[in-house]
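Me: I would like to learn how to read strand pairing and helix packing in a model. Could you take me through it step by step?

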Amino acid sequence: MWAVSFMVSSFRRGKRIRKGFIRALAATGWALVFCLAALRPALAEDVIRLRYANFPAATTFPCVQMEKWAEVVRERSGGRLEIETYPGGTLLDARSILRGVARGQADIGCISLSYHPGSFPFFDLFGLPLGFDSARDAGEVAWAMYRKYQPKELAPYKVLLMFTCSPSQIMSSVPLSSLDDLRGLPLRAAGSLSDVIATVDGQAVSMPMSEAPEALQKGVVKGVFSSWDVLKDYNFAESCRYGLTVDSSVYPFVVVMNKKAWDALPADLQHLLDDYADEHCRWTGDYVDDWGRQAVAWSEQTYGFELRNLPDSDRARMAGLTAPLLEQWKAKAADLGLDGQAVLDDIFRMRDELKAGR
């Protein structure tokens with residue numbers, strides 16, 4: 001009997017111990033749940049989210065570089081910096097981005113300086129023929145000139161990045177083989193490129209790139225003065241079956257950030273963005289140049305696109321015709337307190353050094 005009584009007593013004590021253990025385990029579990037719930041807002045606050053507005057279609061190079069930049073920034077910040085991207089004017093359209101960044105509607109914006117004629121006199125120079133034959137070189141030089149001269153026109157913003165399209169070429173719905181073929185020809189051209197077209201007696205029609213496909217279909221313009229990548233990005237090759245290589249001006253692009261948003265970033269994240277800038281600008285230049293070559297090949301295969309080179313005699317003639325544009329810019333540079341010839345000398349020296357170093 002004693003043995004049986006002991007066994008029953010032990011079983012009851014074990015049952016009570018098990019119940020106590022289960023209750024303690026449950027209490028600990030609920031405590032963890034409440035702790036995690038309390039921590040969640042704090043963890044969320046550690047992630048900084050910035051809105052990045054861009055205006056062209058998502059497949060175009062300004063938006064491809066945006067996505068690449070956002071991805072690398074996210075990775076290198078360990079997820080602390082999240083960039084919400086808005087391509088295709090979904091947050092701000094092309095002409096509203098600069099004002100929208102200043103007002104805080106977007107934290108970051110990518111702008112084409114050619115869409116703001118007269119607002120960026122220093123960088124109007126890069127809309128003129130400077131002898132670049134690649135976006136990589138043109139972008140590196142533009143970025144270096146910004147850092148050296150710190151033009152006041154961009155002082156209201158934190159400049160994150162600068163790059164260019166590849167040199168402008170002629171894409172047309174009619175065959176072209178010489179400068180004479182450009183006389184009276186209506187071509188979509190923006191900013192300083194309009195002045196370049198005027199020097200060869202062409203007819204420049206200024207409009208956002210997004211409006212050009214419809215203008216081509218309606219015959220408002222007979223072609224486009226831009227870089228080769230637009231042949232595929234905007235399917236211009238469907239209307240423009242002929243190309244003329246002239247290696248003319250580039251379009252500068254600048255990625256700007258709201259100053260207050262920049263100042264609010266922790267110092268280590270500011271350093272991260274500054275340290276990554278050179279690398280990203282070079283990546284963008286290489287991407288643009290390669291994409292332009294692919295766009296020409298695609299246009300040839302898809303639409304029978306015919307590409308011709310401007311004869312050397314016409315290249316020399318075009319350089320002579322556009323030379324007064326550089327002299328006009330030098331006069332504007334004097335109004336900015338700059339030695340225009342010294343700026344040009346810096347550009348040509350760096351351009352030639354980059355070419356020699358390939």
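Me: Which residue in S10 is the bridge partner of Thr164?

Reply: Two strands pair if DSSP finds at least two bridges between them, and in S10 the bridge partner of Thr164 is Pro252. Seven bridges join S4 to strand S10 (residues 252–258), and these two strands run antiparallel. Strands (E, at least two residues) and helices (H or I, at least four) are DSSP runs, numbered from the N terminus. This is a predicted model, in which local features need pLDDT of at least 70 and side-chain atom pairs count only at pLDDT 80 or more, while totals for chains, interfaces and linings use all residues. Residues are numbered from 1 along each chain as its sequence is written, and side-chain values use heavy atoms, with hydrogens and water left out.

Me: What is the strand order of the open sheet?

Reply: The five strands are ordered S2-S1-S3-S10-S4, with mixed pairing. Strand S2 (81–86) and strand S4 (157–164) are the edge strands, each pairing on one side only.

Me: How are two packed helices described, and at what angle do H10 and H11 pack?

Reply: The description uses the angle between their axes and the distance between the axes. Axes are lines fitted to C-alpha atoms, for helices over the stretch in contact, and angles run from 0 to 180 degrees between N-to-C directions. Helix H10 (residues 312–335) and helix H11 (residues 340–356) pack at about 120°, with their axes 8 Å apart. That angle makes H10 oblique to H11, since angles under 35 degrees count as roughly parallel, over 145 as roughly antiparallel, 65 to 115 as roughly perpendicular and the rest as oblique. The contact (heavy atoms within 4.5 Å) is made by Trp329, Lys330 and Ala333 of H10 with Gly340, Gln341, Val343 and Leu344 of H11.
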